[in-house]
Amino acid sequence: MTADLTQTPQQTAETFYLKDYTPFGFEVESVELTFKLAPSATRVVSKICFIPKPGTPDPRFFLHGEMLKLISARIDGVDVAPTVTPEGLTCDVPQQRFVWEAEVEIDPAGNTALEGLYMSGGMYCTQCEAEGFRKITYYPDRPDVMSIFTVRIEGDEEVMLSNGNPISKSDGLAVWQDPWPKPAYLFALVAGDLVNHPDTFTTKSGRKVELNIWVRHGDEDKCAFGMEALKKSMTWDEQAYGREYDLDIFNIVAVDDFNMGAMENKGLNIFNSSCVLASPETSTDANFERIEAIIAHEYFHNWTGNRITCRDWFQLCLKEGLTVFRDSQFTSDMRSAPVKRISDVIDLRARQFPEDQGPLSHPVRPEEFQEINNFYTATVYEKGAEVIGMLKRLVGDADYSKAVDLYFERHDGQACTIEDWLKVFEDATGRDLGQFKRWYSQAGTPRLTVAESFANGTYTLTFEQSTAPTPGQPDKDPRVIPIAVGLLGANGDEIRQTQVLEMTEAKQSFTFEGLATKPVPSILREFSAPVILERETSNAERAFLLAHDTDPFNRWEAGNALAREARVAMVLEGAAPDADYLDALTKLLRDDTLDPAFRALILQPPSQSDIAQTLHERGHTPDPQKIYDAAETLAQTLAQQLADSLPRLYADTTVTEAYTPDAVSAGNRALNARILTLLTRLDGGEQAARQYETADNMTQQYSALANLMKAEKGTVQSQAFFDQWQDDRLVMDKWFALQIAMAVPEATARTAAQLTRHPLFTLKNPNRFRAVMGALAGNHAGFHHANGAGYQLLADNLIALDGLNPQTTARMCTAFQSWKRYDNDRQALIAAQLQRIQTTAGLSRDTNEMVSRILDA
Ligand SMILES: [Zn+2]
């Protein structure tokens with residue numbers, strides 16, 4: 001029987017709830033898949049052995065399947081006629097073990113959504129997380145169904161890869177078998193004309209593993225760094241977590257068209273090429289660091305995600321929060337722990353805090369969704385990692401290790417929940433984590449206010465916590481908040497070392513006794529909890545902490561607070577740039593006993609969006625143009641104050657040795673780039689032009705070009721950059737983004753619009769789309785220009801992309817999530833665009849859910 005079923009599922013969205021979980025009614029004993037590759041008509045033949053599980057609440061045989069053309073279906077060798085819907089099929093099945101066979105036809109070349117099996121640059125590749133496997137064949141596409149996969153690939157591609165170990169290979173055929181049971185979202189297949197960068201790794205128990213990074217011809221020279229990062233990750237996971245790799249081969253493939261950063265498919269990681277390809281000439285220091293972190297992240301998933309997976313998609317943070325936490329530990333060990341911590345907090349505040357305080361706010365473990373792709377969020381990932389960090393801080397390092405060991409021992413091979421995760425901590429430490437669990441169930445960022453008093457040698461800190469209502473959660477209960485506190489004396493000496501106060505009440509006091517004088521507190525050291533700390537304090541005290549705090553995070557935080565207050569005062573009161581702040585910064589900049597990477601971070605001003613958020617939190621309506629003007633004035637004043645020393649500082653910090661991407665040289669270059677930015681304000685781009693001429697690496701070439709563009713002096717260099725790099729897809733993404741990022745507010749939307757008409761702009765490549773639209777949304781004053789052109793341009797492009805790629809469209813809608821911060825005119829302009837998107841005929845389920853949630857604010 002043949003059913004032609006190529007229409008997309010209906011848009012009327014069903015909502016899924018955590019509380020509705022029921023197990024699948026069948027065991028899947030084994031899965032055999034045969035792929036007969038053809039670009040527009042690939043045949044997938046499946047042979048799956050099912051065993052009914054007696055006593056399951058839902059014994060119905062339902063297999064997910066979307067956009068599939070069913071050619072034939074058989075049970076135990078006999079043709080059957082299942083009932084097929086756009087979401088899948090049901091069928092009468094025997095009450096004992098049976099073999100399901102089906103053949104379907106799919107169209108990889110026509111798959112622009114980049115989910116399931118699709119083509120990118122002439123190669124076949126897959127993306128199955130979260131629910132892409134159902135676009136490959138009929139299957140119980142849910143993470144709690146785990147099985148052993150054997151995959152035959154028939155095609156004339158030179159390289160044909162799947163999960164696990166290679167079993168046989170001949171002309172036109174490759175067979176792979178994965179001995180480890182896995183859910184379908186970890187399935188992967190790659191076939192194409194690829195070349196490899198090979199290496200080997202021997203695990204601590206002596207297993208020799210073949211390693212490969214597979215790339216398109218011409219990219220071979222951009223694999224060495226990724227390979228080193230992979231080997232470092234494998235060693236680190238053995239040392240830090242006792243986790244060894246468990247197959248004979250580990251493959252990484254670089255793909256140009258990819259919705260995500262990378263994917264941890266068992267034994268066959270698939271990477272967005274931007275997250276693996278690196279060379280000094282084409283990648284910046286930031287690219288190198290990110291690549292190292294993402295390779296580590298995907299590799300670490302082999303244990304936290306693959307060997308132990310999620311029971312359902314509500315538990316996504318179980319694998320992502322833990323794996324982000326692990327990759328940040330790795331980066332801290334490989335590079336600088338304080339710099340990593342500060343960078344993570346900058347990122348958390350830029351991406352997660354606005355989400356947590358806006359219409360898209362949701363718990364780390366959501367309890368309902370329409371489209372799971374919309375929950376790959378900063379809250380699930382980054383706040384999920386913060387929650388693990390708090391847990392570790394509360395139980396201590398030794399008990400953390402004990403609990404995690406127990407997790408691996410108890411749950412290897414299982415599909416688990418947050419309850420399982422917390423239970424191993426309770427069993428290993430004897431603690432009750434009932435209240436701590438609220439971090440998983442309550443959305444919103446807690447605010448922590450603090451009052452202090454001092455009498456008779458006793459210093460008292462009184463904290464109060466509260467969390468504003470979030471969608472669906474009007475009332476919140478107090479959470480467990482670990483507050484790391486140290487005390488400093490008047491001369492700047494530390495008189496009490498860091499101590500973790502465990503706050504459990506809505507209001508709670510902690511005392512420190514035996515003090516001669518009132519101390520200066522350093523609160524929330526290392527950013528010990530993802531909260532907003534509100535404390536009335538003076539700029540003099542902030543400057544004191546900036547000069548003396550022994551905790552690097554809080555030292556940076558004091559400088560950051562000074563910068564923020566200076567800008568807020570300029571915006572609200574028309575104040576002059578704060579002299580104390582400028583003096584403190586000048587001192588730090590010249591203090592060469594400090595780590596250059598740290599100094600570079602101190603010099604990095606809070607983002608304009610961050611200032612907008614601060615103003616909003618304090619009950620003001622942010623004016624993006626005024627925020628921009630204040631930033632410009634402050635930077636100009638700082639440059640003038642430093643005028644005498646900038647040329648020397650620039651010369652002193654210029655790295656002249658041959659380029660290496662290590663943390664120390666990268667830190668030097670980061671500081672050097674900050675100084676160049678100030679210098680350009682005084683010399684109109686002379687030094688930047690010289691740097692552009694002599695740069696032999698992308699980091700220096702890019703920072704020179706950025707500064708020239710910012711000074712509106714970069715026309716010649718921008719053209720030269722284009723001529724030099726027009727054939728390099730990843731460098732061209734930088735060229736597109738930079739022009740928009742550096743544009744003055746009134747020119748931002750116009751520049752972005754021109755670039756969407758450039759011959760190298762395409763909706764079909766998510767990286768290029770994000771380069772242009774992400775840069776537009778990221779230029780705060782430009783995107784929010786009062787004429788509304790930025791809003792309209794983004795909406796035009798979201799509407800254009802939605803029919804091709806719903807996932808990337810929906811994610812980019814977050815550019816509008818903070819719209820309620822702004823004035824009525826801007827709100828009206830944004831609402832009109834959101835409504836225009838929402839009423840587009842045939843809008844995807846993904847985008848519809850996002851726009852509706854944002855509009856409901
Ligand atoms: Zn991940």
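Q: At what angle do helix α10 and helix α12 pack, and how far apart are their axes?
A: In this predicted model, where local features need pLDDT of at least 70, side-chain atom pairs count only at pLDDT 80 or more and totals for chains, interfaces and linings use all residues, helix α10 (residues 552-573) and helix α12 (residues 596-603) pack at about 30 degrees with their axes 9 Å apart. Residues are numbered from 1 along each chain as its sequence is written, and side-chain values use heavy atoms, with hydrogens and water left out. The axes are lines fitted to C-alpha atoms, for helices over the stretch in contact, and angles run from 0 to 180 degrees between N-to-C directions; helices (H or I, at least four residues) and strands (E, at least two) are DSSP runs, numbered from the N terminus.

Q: Why are α10 and α12 called roughly parallel?
A: Angles under 35 degrees count as roughly parallel, over 145 as roughly antiparallel, 65 to 115 as roughly perpendicular and the rest as oblique. The angle between α10 and α12 is about 30 degrees, and the two helices are therefore roughly parallel to each other.

Q: Which residues of α10 and α12 meet?
A: Pro 552, Arg 555 and Trp 556 in α10 meet Phe 598, Leu 601 and Ile 602 in α12, contact meaning heavy atoms within 4.5 Å. These residues divide into 5 nonpolar, no polar and 1 charged, on a scheme in which Ala, Val, Leu, Ile, Met, Phe, Trp, Tyr, Cys and Pro are nonpolar, Asp, Glu, Lys and Arg charged, and the others, Gly among them, polar.

Q: What makes α13 oblique to α14?
A: The axes of helix α13 (residues 608-617) and helix α14 (residues 624-641) come within 10 Å and cross at roughly 125 degrees. That value makes α13 oblique to α14, and α13 passes α14 in a right-handed crossing. Gln 608, Ile 611, Ala 612 and Leu 615 in α13 meet Ile 627, Tyr 628 and Ala 631 in α14, a contact with 6 nonpolar, 1 polar and no charged residues.

Q: Why do β4 and β7 stand at the edges of their sheet?
A: The open sheet of 3 strands has the order β4-β8-β7, with antiparallel pairing, and two strands pair if DSSP finds at least two bridges between them. β4 (62-64) and β7 (83-85) each have a single partner strand, so one side of each is left without a neighbour in the sheet. The twist averages 20 degrees from one strand to the next.

Q: How do you know that β7 and β8 pair?
A: β7 and strand β8 (residues 88-90) are joined in the antiparallel sense over 3 bridges, and Thr 85 stands opposite Gly 88 in β8.

Q: Why is the pair of Tyr 400 and Phe 425 called tilted?
A: Rings of Phe, Tyr and Trp (its six-membered ring) pair if their centres lie within 6.5 Å, with planes under 30 degrees apart counted as stacked, over 60 as edge-to-face and the rest as tilted. By this rule there are 46 aromatic pairs. The rings of Tyr 400 and Phe 425 have centres 6.0 Å apart and planes at 45 degrees, so the pair is tilted. Tyr 400 in helix α6 (residues 397-411) and Phe 425 in helix α7 (residues 418-429) are 25 residues apart, and their pair links distant parts of the chain.

Definitions and conventions:
A crossing is left-handed if the near helix is turned anticlockwise from the far one by less than a right angle, and right-handed if clockwise.
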